[in-house]
Amino acid sequence: MKMQRTAVLVKPDGMQRGLIGEIISRFERKGLKLVGLKMVQLTDSMLSEWYTEHKDKSFFGDLKSFMGQMPLVAMAWEGIDAVPVVRKLVGTTLGREAEAGSIRGDFGMSQQFNLIHASSSESDAEREIDIVFDKNELFDYSNVMQSVIYADYERK
Ligand code: CMP
């Protein structure tokens with residue numbers, strides 16, 4: 001149980017399909033706290049850094065041109081265990097197989113066009129947040145809802 005921040009991107013297909021509000025709403029309803037939000041067009045070098053674990057894969061070039069084609073909405077969300085919590089809300093990679101009730105399970109059919117990116121580990125989250133956000137674009141503020149979302153012992 002650990003307070004974490006995680007990175008989310010609404011991918012080009014999610015942008016085109018008008019899912020920005022739906023995605024934000026799902027994370028808000030869950031009880032996560034929004035600590036960063038911006039529109040950004042990722043450059044080839046930002047994407048090479050972002051997807052470094054896929055650099056030897058056959059789809060690396062396609063993935064970078066897909067993700068760099070238009071501005072995306074980038075977010076940083078905070079909460080206890082936010083990295084796995086957000087991954088669960090997002091669902092598994094392939095939309096056709098993703099769990100019903102997850103974002104990909106409810107809205108997606110594709111592997112590449114899977115609507116949304118979510119960090120897969122705490123260290124990836126730190127690296128990804130750093131790629132997209134300047135320090136002064138990330139916020140620390142108190143949200144009154146947190147006292148009804150978590151018990152006291154969980155927030156200590
Ligand atoms: P994600 O798991 O967020 O991060 C890597 C992305 O690469 C993945 O989502 C898909 O969008 C994309 N991807 C995975 N496999 C393939 C593939 N075989 N061809 C094209 N894109 C892929």
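Helices α2 and α5 cross in the right-handed sense, and in this predicted model their axes come within 11 Å of each other at a crossing angle of roughly 130°. Two packed helices are described by the angle between their axes together with the distance between those axes. Because angles over 145 degrees would count as roughly antiparallel and those from 65 to 115 as roughly perpendicular, α2 and α5 are classed as oblique to each other. On the side of α2 the contact is made by R26, F27 and K30, and on the side of α5 by V85, V86, L89 and V90.

Helix α5, which spans residues 82-90, also holds K88. With a relative accessible area of 71%, K88 is exposed, since the cut-off for that class is over 50%. The C-alpha atoms of K88 and I103 are separated by 9.1 Å, the two residues being 15 places apart along the chain.

Helix α2 leads on to the sheet, for this helix, residues 20-30, lies across β1, β2, β3 and β4 and runs at about 5° to β3. Helix α7, made of residues 122-132, packs on the sheet as well, touching β1, β2, β3 and β4, with a direction that makes about 55° with that of β1.

The sheet itself is open and consists of four strands in the order β2-β3-β1-β4, paired in the antiparallel sense. Strands β2 (33-40) and β4 (116-118) stand at the edges with a single partner strand each, and therefore one side of each is left without a neighbour in the sheet. From one strand to the next the twist averages 20°. The pairing of β2 with β3, the strand of residues 72-80, is antiparallel and extends over seven bridges; within these two strands, L34 stands opposite W77 of β3.

V10 counts as buried because its relative accessibility is 0%, where the limit for a buried residue is under 20%. Leaving aside residues up to four places away in sequence, V10 touches M15, I20, I23, L72, V73, M75 and L115. Between V10 and K156 there are 146 residues of separation in sequence, and their C-alpha atoms lie 32 Å apart in space.

At 2% relative accessibility, E128 counts as buried. Apart from residues up to four places away in sequence, E128 touches A7, W50, H117 and S119. The C-alpha atoms of E128 and E154 are 26 Å apart in space, while the two residues are 26 positions apart in sequence.

Is Q146 buried or exposed? Its relative accessibility is 12%, so Q146 counts as buried. With residues up to four places away in sequence set aside, Q146 touches G31, K33 and R155.

Conventions
Residues are numbered from 1 along each chain as its sequence is written. This is a predicted model: local features need pLDDT of at least 70, side-chain atom pairs count only at pLDDT 80 or more; totals for chains, interfaces and linings use all residues. Side-chain values use heavy atoms; hydrogens and water are left out. Two strands pair if DSSP finds at least two bridges between them. Axes are lines fitted to C-alpha atoms, for helices over the stretch in contact, and angles run from 0 to 180 degrees between N-to-C directions. Contact means heavy atoms within 4.5 Å. Buried means under 20% relative accessible area, exposed over 50%, partly exposed in between (1.4 Å probe, protein chains only). Angles under 35 degrees count as roughly parallel, over 145 as roughly antiparallel, 65 to 115 as roughly perpendicular and the rest as oblique. A crossing is left-handed if the near helix is turned anticlockwise from the far one by less than a right angle, and right-handed if clockwise.
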